[in-house]
Amino acid sequence: MSELRQKPTSLLVPQEQARHKLQVQIEKARLILSSLTSGQTNSKQSPERIFEKAQENQEKWAKFSIHLLKSLFSDHSPADEFGDHWINYSLHGDQEEEFLSWMYKRIADLESIIERLRFFPIEVNKVMPPPISTNETGTSKDIFIVHGHDDAVKHEIARFINNLGLNPIILHEKPDKGRTIIEKFEENTQVCFAIILLTPDDIGYPKEDPTKTKNRARQNVIFELGFFLGKLGRHKVCALKKGDIEIPTDYSGVLFKTLDDPGAWKFQLAKEIKEAGIEIDLNNAF
């Protein structure tokens, strides 16, 4: 009798849906790394407590990643590939350096799985329908506003969103409830659209030529731009830039509108929100 061939690992969801879910996990991992480095700079908590909290978030992230991988594929081989590293993980010596190294390697694991998605066949009979966008990304009224230090622009955008009958989400206005920044951020990003305000708050230049200065948005703004691109998709993210400001070259496919023409940006933003499937009355844009 011929030996039975092992059935290949297959996808249980459409490839793009799997890509999106894994990309969100990668962005969450980067938020954990960001909270560790920024917390040591800005937080009043001790470095030991900041590191301890990052480890707690890391453990929750790793366990969720394993469950996610099990839900996306027909067998546990991708989850086992990732989970073996979790089971064998232990800290000794320079704990923070090992923590960072482990996280970067797990991000690379997920990126590798994303790159290989096209090689996995799809089990047509078991493919789950794509989730309704309002369940995956919040209510049809919530719009997240990512901002820097320009409070005037932030409040103007928030008023405009209110006038459209929508609900602007501004993170620092939400109660902390004892949560870390990353926990607060994750719990308030279940939205249907994100507006990124690129205002000239910082100045940057190439290390080899300090004379070539350029206006730049805050680093947290650029980071959250990447997060929402992964979470919502490009068609549900609109970046509004003010003045002569450096635009990240990696985001050439993102919608960039200028705030320098008040009459134009309001209509353009309202139009993009409507085309993202969010019901609004364009007459309220004027």
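Residues 24 or more positions apart account for 71% of the contacts (heavy atoms within 4.5 Å) in the chain with a separation of 6 or more. The structure is a predicted model, where local features need pLDDT of at least 70, side-chain atom pairs count only at pLDDT 80 or more, and totals for chains, interfaces and linings use all residues. Residues are numbered from 1 along each chain as its sequence is written, and side-chain values use heavy atoms, with hydrogens and water left out.

The chain holds nine helices and seven strands; these are DSSP runs numbered from the N terminus, helices being H or I with at least four residues and strands being E with at least two. Of the chain's 286 residues, 42% count as buried, meaning under 20% relative accessible area with a 1.4 Å probe and protein chains only.

Let's turn to the strands. Two strands pair if DSSP finds at least two bridges between them.

| Strand pair | Bridges | Sense | Residues opposite each other |
|---|---|---|---|
| β1 and β2 | three bridges | parallel | Phe-144 and Ile-169 |
| β3 and β6 | five bridges | parallel | Ile-195 and Cys-238 |

Strand β1 covers residues 142–146, and five of its five residues are buried. Asp-142, Phe-144 and Val-146 point one way from β1, while Ile-143 and Ile-145 point the other way. In strand β6 (residues 237–241), four of the five residues are buried.

Thr-199 is buried, with a relative accessible area of 2%. Leaving aside residues up to four places away in sequence, Thr-199 touches Gly-148, His-149, Asp-150, Val-153, Arg-216, Ala-217, Lys-242 and Ile-245.

Now for a helix pair. Two packed helices are described by the angle between their axes and the distance between the axes. Helix α2 (residues 47–72) packs with helix α4 (residues 95–115) at an angle of about 20 degrees, and their axes are 12 Å apart. Here the axes are lines fitted to C-alpha atoms over the stretch in contact, with angles running from 0 to 180 degrees between N-to-C directions. α2 and α4 are therefore roughly parallel to each other, the term for angles under 35 degrees. Residues of α2 including Phe-51, Trp-61 and Leu-69 meet residues of α4, among them Phe-99, Trp-102 and Ile-113. By class, this contact of α2 with α4 has ten nonpolar, four polar and two charged residues; Ala, Val, Leu, Ile, Met, Phe, Trp, Tyr, Cys and Pro count as nonpolar, Asp, Glu, Lys and Arg as charged, and the others, Gly among them, as polar.

Methods
Buried means under 20% relative accessible area, exposed over 50%, partly exposed in between (1.4 Å probe, protein chains only). Angles under 35 degrees count as roughly parallel, over 145 as roughly antiparallel, 65 to 115 as roughly perpendicular and the rest as oblique.
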